[in-house]
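Morning, everyone. Let's look at one structure together, and please keep the 3D view open while I talk.

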Amino acid sequence: MAVGNVGEELAPYKDSDTFLSRDGGFTWEEIHKDAHLWEFGDSGSILVIVNDEEPTDHLLFSTDQGLNWREYKFSNDKVRIRFVVTVSSDTSRRFILMGNYPRSPGSVAIHVDFTALTSKKCVLNLEDPGADDFELWSPSEEREERCLFGRQTLYHRLVRKANCVVGDRQKVEEKIMETCPCAKVDFECEFNYVKNEADECVLSPGATPLPNDEAEACKNGEDYWYERTAYRLIPYSSCKDGNRLDRGTPHVCPGFKAHGPFFWLFILLIPFGLTALVGYSYYRRSGLTRGYQSGFLDTLASVPWYLVGIAGIAWEWIASRTEGVFNRSRRGYRDLRVDEDAQILRFEDED
């Protein structure tokens, strides 16, 4: 609900009338002449308005969302009403009118209770929406745009002529029917940009564009980051793909995804290639090659064995470094180091 007027410019408050919208402010209907204070009760099942231009002794209320209004006299003397209040959740049918008598000092509070109007509870049937006191409604029903904020959403709205009490019923979450591709209506001007006569975002005189923020754009593991443009996505919009006016020239985000598969294949082959070269060099310098001529395939086939040999050498080196640490925790017998000369003699005896 709102106080306003029909025209190209806003009229003074006392020259305005009272209006009601049931579609989120897209269309409006006049519900009463003159400016009125207003308040919702019981999630909109009851509306209350009171004259806001002069002292009054009555208010108007509606149980069909403004189709019909009934008068309720709350005082024998006229009161200049300043506020109409109810609980912040708008789930109650009780209201308080706050104001003052024209010829008396001080303030007055008047309690108005509409709970006795009906005791019928509103019915909500999610399995059969047409057989209850609510209706499914979408903000895009009367618009040319099929989507609003990048999605087509359905809400449960109380049927206008349903005379019932909603009470403390838990609100039903909206139902998203479809996520829409991005369009121009999903964007607004970026900082330091303003709309021109052609409805395009242009840089404001004397202002500079915001710098690109590569780290911020890639913090969630994105593959690409985009240079800033004159547009940015409306935060509440959930559109996907489509015409992304907020994306400029794309750049690959740094990290693993910044290189192609051939690059990483090459990186993985480098250590294997180096290991093969070391193994082949060791093989050629050792006495195992004397009197034996091997081909390329034989050499290649022997590489895995030398990889195992290098791994063994590495293990012996690590074991020699950590032997003292492990020996400290042993009890009983210990392994004795074999003298190298004795080991050579043992090999000659075996020959």
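I'll go through aromatic rings, then charges over rings, then a surface patch.

One caution before that: this is a predicted model.

Let's start with the rings. How many aromatic pairs does a search of the whole structure find? It finds six. I'll take you through two of them.

A quick reminder on how to read them. Two numbers describe a pair of aromatic rings: the distance of the centres and the angle of the planes.

Find Phe61 and Phe114. Their ring centres are 4.8 Å apart, with 45 degrees between the planes. That makes the pair tilted. Now look at where the partners sit in the chain. Phe61 is in strand S6, residues 58-62. Phe114 is in the loop between strand S10 (108-113) and strand S11 (134-137). They are 53 residues apart, so this pair links distant parts of the chain.

Are these two buried or exposed? Phe61 has a relative accessible area of 6%, so it is buried. Phe114 is at 5%, so Phe114 is buried as well. The cut-off for buried is under 20%.

Tyr72 has a relative accessible area of 35%, so it counts as partly exposed.

Now put the rings together. Ring pairs join Phe61, Tyr72, Phe95 and Phe114 into a cluster.

Next, charges over rings. Go to Arg151. Its charged end sits over the ring of Tyr236, 4.4 Å from the ring's centre. Then go to Arg232. Its charged end sits over the ring of Phe191, 4.3 Å from the centre.

Last stop: the surface. Which residues form a nonpolar patch there? They are Phe83, Val85, Ile96 and Met98. Together they have about 340 Å² of accessible area. Strand S8 (80-85) and strand S9 (94-100) each supply at least two residues of the patch.

Take Val85 as an example. Val85 is found in strand S8. Its relative accessibility is 33%, so Val85 counts as partly exposed.

That's the tour. Over to you for questions.

Technical notes
Residues are numbered from 1 along each chain as its sequence is written. This is a predicted model: local features need pLDDT of at least 70, side-chain atom pairs count only at pLDDT 80 or more; totals for chains, interfaces and linings use all residues. Side-chain values use heavy atoms; hydrogens and water are left out. Patches are made of residues with over 30% relative accessible area and no salt bridge: like charges are joined within 9 Å, nonpolar side chains (Val, Leu, Ile, Met, Phe, Trp, Tyr) within 5 Å. Accessible areas come from the Shrake-Rupley method with a 1.4 Å probe; for residues, only the protein chains shown count as cover. A salt bridge is a side-chain nitrogen of Lys or Arg within 4 Å of a carboxyl oxygen of Asp or Glu. Helices (H or I, at least four residues) and strands (E, at least two) are DSSP runs, numbered from the N terminus. Buried means under 20% relative accessible area, exposed over 50%, partly exposed in between (1.4 Å probe, protein chains only). Rings of Phe, Tyr and Trp (its six-membered ring) pair if their centres lie within 6.5 Å; planes under 30 degrees apart count as stacked, over 60 as edge-to-face and the rest as tilted. A charge sits over a ring if NZ of Lys or CZ of Arg is within 6 Å of the ring centre and within 35 degrees of the ring normal.
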